Amino acid sequence: MSRVHNFCAGPAALPEAVLKRAQEEMLEWQGQGASVMELSHRSKAFVDVMEQAESRLRRLLEVPDEYAVLFQQGGASQQFAAVPLNLSSEADSADYLVTGQWSKKAFAEGKRFVNAHCVADGSVDNFMSIPSRDDWSFSEGRYVHYCPNETIGGLEFSAIPAVESPLVADMSSTLLSRPIDVTQFGVIYAGAQKNIGPAGLALVMVRKDLLGQARPSCPAMLNWDTAAANGSMYNTPPTFAVYLTGLVFEWLESMGGLEVMGDINARKAARLYGQIDNSGFFSNPVSESARSWMNVPFTLADSALDKVFLEEAEQAGLTNLKGHRSVGGMRASIYNAVPETAVEALCNFMSEFEQRYG
Ligand SMILES: Cc1ncc(COP(=O)(O)O)c(C=O)c1O
């Protein structure tokens, strides 16, 4: 079977070149006579993999030395708890912007550990726009948490919010899609399974002055200080996931880095939103200034055709276009590993579908 155009929101498409390389190296890696999965994480060969992955990430994102880069397990969801446990005490307050399903989850988890205060609640508008800055209220808590790109709703902040407390960002579905100014953030974290690598791994970047403040009760596995002090090897790291992630970073460098990826991603998003906006058949419900580059939800004029659309798309080799179960409709996730040709194929399919059913 040939590979499809995969628009999955996550675990998402990985670059084909990376998968081929992993396939080539699967049985015997770097003359070790074993796969990378079968070697000690303390071996020089594997420590090199980890160090190279970190340096490539630092180059790609221009991460300054004042930030620790950590490879954590438990995905992004585990960081929902790690954030308050590392940055606050139970008596503190912390501020949360709630703009979609993921920041809502982070807020709910935050409430278990800290006096979590909602800065703004986008649910009043069904998470279709970013609440106006004039309506934000802060508790001046230990940090401000937000999700720059809401994967489910396809809602994205067009600018980094200027705030007083350290800014903590769940960048799961946007990190590496374009350059960012890391120095604007206290903490950035991201689950890997979109633009980074296999599921289960989370990347965390922490400004070093924010380390060393974890509560005594913070589990060692969630403690960023412990991870930093042990080179992300307090316990056995997910070695294959780290290796594959390193290959994805190498691929991003070979593509020309994040400026180039940003240009490609901007073109992909413009092409797809253009297709939607120029039709009387497809629509995107998100306020135009807050449209996501990575996750593009859309609906059909007649929702009774959703099933037909998905079936025919699948037959045409365009897969995983079903919207999230909480939202319905369609969603095309167009992360780094989804090439422009895939977006073009989707847009052509949408044109044809509209001609036949519109
Ligand atoms: C923005 C965002 N945050 C958090 C998560 C949860 O990630 P994980 O499943 O790795 O815990 C996701 C998953 O899709 C996400 O898109």
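Is Trp29 buried or exposed? With a relative accessible area of 2%, Trp29 is buried, because buried residues are those under 20%. The model is a predicted one.

**Aromatic pair of Trp29 and Tyr243**

- A search of the whole structure finds 16 aromatic pairs.
- In one of these pairs, the ring centres of Trp29 and Tyr243 are 6.3 Å apart and the ring planes meet at 85°, so the arrangement is edge-to-face, given that angles over 60 degrees are classed in this way.
- This pair links distant parts of the chain, as 214 residues separate Trp29 from Tyr243.
- Trp29 belongs to the loop between helix 1 (16-24) and helix 2 (44-61), whereas Tyr243 belongs to helix 6 (residues 239-255).
- Tyr243 also counts as buried, at 4% relative accessibility.

**Aromatic pair of Phe298 and Phe309**

- The rings of Phe298 and Phe309 form an edge-to-face pair, because their planes stand at 80°, with the centres 5.9 Å apart.
- Phe298 is part of strand 12 (residues 295-300) and Phe309 is part of helix 8 (residues 306-315), so the pair ties together parts that are 11 residues apart in sequence.
- Both Phe298 and Phe309 are buried.
- Phe298 and Phe309 belong to one aromatic cluster, which also holds Phe281, Phe282, Phe349, Phe353 and Tyr357.

**Charge over a ring**

- Another aromatic ring, that of Trp293, has the charged end of Arg178 over it, 3.9 Å from the ring centre.

- The buried residues of helix 8 are Asp306, Phe309, Leu310, Glu312 and Ala313.

**Ligand site**

- Around the ligand are Gly75, Ala76, Ser77, Phe80, Trp102, Cys147, Asn149, Thr151, Asp170, Ser172, Gln193 and Lys194.
- Thr151 places a polar side-chain atom 2.4 Å from an oxygen atom of the ligand.
- Asp170 has a polar side-chain atom 2.6 Å from a nitrogen atom of the ligand.
- For Gln193, a polar side-chain atom lies 3.0 Å from an oxygen atom of the ligand.
- The ligand taken alone exposes 390 Å², and the protein buries 85% of that area.

**Backbone features in loops**

- The peptide bond from Gly10 to Pro11 is cis, and its omega is near -5°.
- Pro11 is located in the loop between strand 1 (5-6) and helix 1.
- Phe127, a residue other than glycine, has a positive phi near 60°.
- The loop between strand 4 (115-121) and strand 5 (144-146) contains Phe127, and at 11% relative accessibility Phe127 counts as buried.
- Asn320 likewise has a positive phi, near 60°, in a residue other than glycine.
- The loop that holds Asn320 runs between strand 13 and strand 14.
- At 42% relative accessibility, Asn320 counts as partly exposed, because this class lies between the 20% and 50% limits.

Notes
Residues numbered from 1 in each chain as written. Predicted model: local features only at pLDDT ≥ 70, side-chain atom pairs only at ≥ 80, totals over all residues. Heavy atoms only, no water. Phe/Tyr/Trp six-rings, centres within 6.5 Å; stacked < 30°, edge-to-face > 60°. Helix = DSSP H or I, 4+ residues; strand = E, 2+ residues; numbered from the N terminus. Buried < 20%, exposed > 50% of the residue type's maximum accessible area, 1.4 Å probe, protein only. Lys NZ or Arg CZ within 6 Å of the ring centre and 35° of its normal. Near = heavy atom within 4 Å. Polar contact = N/O pair within 3.5 Å; in protein donor to acceptor, adjacent residues only side chain to side chain. Areas by Shrake-Rupley, 256 points an atom, 1.4 Å probe, with all protein chains shown as cover.
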